[in-house]
Amino acid sequence: MRVILRILTWFLRPKDKKLGVAPDGGQRYDLPLNKGSGTGFLIMLVALMTFLAAMALTMSFVMGEITHRWAAGLENRMTIEIPAEDSEGKILDKAALREKAAKVTALLDKQKEFIASYNMMSEEEIAALLTPWLGENLVLQDIPLPALIAVDIKPKIKDLDAQITALQENLAAIAPDIRIDTHEDWLGELVRFTASLRFGALMVTLLIGVTMVAAVAGGINSRIAIHRKEVELLHLMGARDNYINRQFQRHALILCLQGSLIGLCGAFVIMGLIALVSGGGNTLLPDMSLSTSQIGILLALPAFSALVGAVTARYTVLRALSKMP
Amino acid sequence: MISILCLTRIKDKSVIKFEHVGFRYGVGPEVLTDINFRLEPGSFHFLTGPSGAGKTSLMNLMYLGQRPTRGLVTMFGQMINDLEREKLAPLRQRIGVVYQDFRLLDHLSAFDNVALPLRISGQSEKDVKANVNELLDWVGLGDYKRALPLTLSGGQQQRVAIARAVIAKPRLLLADEPTGNLDDEIGMRLMNLFDQLNRMGTTIVIATHNKKIMNEMNHPKMILDAGRLHIENPASMVKEKIEGVF
């Protein structure tokens, strides 16, 4: 508490001890750029934009993590489904289903060149998969369940598609309705979905960047308009464009740095709250923990924002000065 | 011919040379017509004439606030008509200007206002401090170094403006009504300062309506009337058109 009070006292300390007397301690600006209401507004604008950029980037990172997690879970795997009914629609009894499954596993045993292992799923395991849709009070005896075989494929197999096609043909010889699900369609959809979300997030970040450039340029233009007489005077006294420009550039750099630090702190607080609410991740959503490089990118936002602000200010001022004789 | 001349750096000892210079704002009428004159190093001139005669426009051209719409202007040996913008900056640093409305920066102290030309020309803070303190003491503002311009009287502000104009020892000093807000005694004291600077080699042009000062100081008068310039020689008091001087 004492520390907070000290910080507050430092911020609220009187700047000019005596009315009408310029503060000591060296003149930093020839132009009164740090005075006026526009300064606070620009800081707030940059803070909001940095906050949004940080959230959009984090969303992009999280989407990437989701894709990675889901893809990693299904990579090099396929499922063989033996339907509970025959090709004429007649429900098979369990003995017939088991007989078909035995033929399939016997076939799989001969495919050692690309199949690492397989697991004939028990009724309990299949029931567990159906629980989210049918509830826990499922009466297995009343529902004809297919036989499912989870197959692990050896990594880095050449001509895998040809091998799977051959397997499909061999399975068709046992029963034409046996299906192989390589999860490719579903995974492809998922990857496209998350990729489009990531693209959207990156576009939002880019848009925020462009908006920030426009906001800084607008802010600097209004500063030039407000201080036109002072700028003209310095120009007429022989100040080179860079001398005047440096003051605006430094002003924009400091404002953007201040604003983006505030925005980033806000983003970290919100991310922490989301992580807290989401309970540290579950089966569908990953937790909000970011990798070191991702945190590095977020921490670099203020520096990037300051750089964008300074460069924008530079070009805006030089353009305005070029119109002077 | 003119363009060839513009591209050539002309060796000329004169501080300013105007040749057939005309000036207009935008598409308006010419406010300065066929102006011809040259100011030698160390010369002292008064610029006078009725209101609206074009004094401010002529001063504006002389401190490189505008470029002429026609004719040739040479400053410190350089033709400025087509000179690149960046090359005008060092020329401007050799010119000290006292504006009629002072043009002090209100947020800067008297010290920092006077220090501006030195800082712009890149002098060290040590030199800035020594020179500015000395000059402010000399103009009687030693006790007001940290005062903001708005807290100073009109006369004090004018002295700050004059100190700012002379601090960098300019080769050309232009002053627009520099004694307008001063009593006669301080006015004469400042004119003596200009005189001292002139003796040290600074070329001086003072725009004024003050006949008393013009008569006492006995320097040539540049008289503007309806955009045309005549020079009045103090010795003979004979009006002479400058046309044909070159």
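## Salt bridges between the chains

A salt bridge is counted where a side-chain nitrogen of Lys or Arg lies within 4 Å of a carboxyl oxygen of Asp or Glu. By that rule, 1 salt bridge crosses the interface of chain B and chain A in this predicted model. The partners are B:Arg85 and A:Asp241, whose closest N and O atoms are 2.7 Å apart. That distance falls within the 4 Å limit, so the pair qualifies as a salt bridge.

Over all chains, the structure holds 17 salt bridges. One of these joins the side chains of A:Arg192 and A:Glu189, at 3.0 Å from N to O. Both residues belong to helix 6 of chain A (residues 184-226); because they are 3 residues apart there, about one helical turn separates them.

## The interface of chain B and chain A

Chain B gives 27 residues to the contact and chain A gives 26 residues. The area buried between the two chains is about 2400 Å², and carbon and sulfur atoms account for 58% of it.

On the side of chain B that touches chain A, the elements giving two or more residues are helix 3 (85-92) and helix 4 (110-120) of chain B. Helix 3 of chain B supplies the largest share, 6 residues. Sorted by type, the residues on this side of chain B are 13 nonpolar, 6 polar and 8 charged.

## The sheet of chain B

In chain B, 4 strands make up an open sheet with the order 2-1-4-5 and antiparallel pairing. Which strands stand at its edges? They are strand 2 (30-39) and strand 5 (78-79) of chain B; each has a single partner strand, so one side of each has no neighbour in the sheet.

Strand 5 of chain B is joined to strand 4 (residues 70-75) of chain B by 2 bridges, the two strands running antiparallel. Within strand 5 of chain B, B:Gln78 is the residue opposite B:Met75. Helix 2 (residues 55-62) of chain B lies across strand 1 (16-24), strand 2 and strand 4 of chain B, and runs at about 55 degrees to strand 2 of chain B.

## A hairpin in chain B

Strand 9 (residues 221-225) and strand 10 (residues 228-232) of chain B pair in the antiparallel sense over 5 bridges. B:Ile223 stands opposite B:His230, which is in strand 10 of chain B. The hairpin formed by strand 9 and strand 10 of chain B has 2 residues between the strands, and B:Ala226 takes a positive phi near 50 degrees.

## The sheet of chain A

Chain A also has an open sheet of 4 strands, here in the order 2-3-1-4, with antiparallel pairing. Its edges are strand 2 (115-120) and strand 4 (179-181) of chain A; each has a single partner strand, so one side of each is left without a neighbour in the sheet. Direction ignored, neighbouring strands of this sheet are turned by 25 degrees against each other on average.

Strand 1 (residues 77-82) of chain A pairs with strand 3 (residues 147-153) of chain A in the antiparallel sense over 6 bridges. A:Met78 stands opposite A:Val151 in strand 3 of chain A. Helix 5 (residues 160-174) of chain A lies across strand 1, strand 3 and strand 4 of chain A, and runs at about 155 degrees to strand 4 of chain A.

Note on methods
Residues numbered from 1 in each chain as written. Chains lettered and ligands numbered in written order. Predicted model: local features only at pLDDT ≥ 70, side-chain atom pairs only at ≥ 80, totals over all residues. Heavy atoms only, no water. Contact = heavy atoms within 4.5 Å. Buried area = accessible area lost by both parts, 1.4 Å probe. Nonpolar A, V, L, I, M, F, W, Y, C, P; charged D, E, K, R; others polar. Pairing = 2+ DSSP bridges. Axes fitted to C-alpha atoms, helices over the stretch in contact; angles between N-to-C directions.
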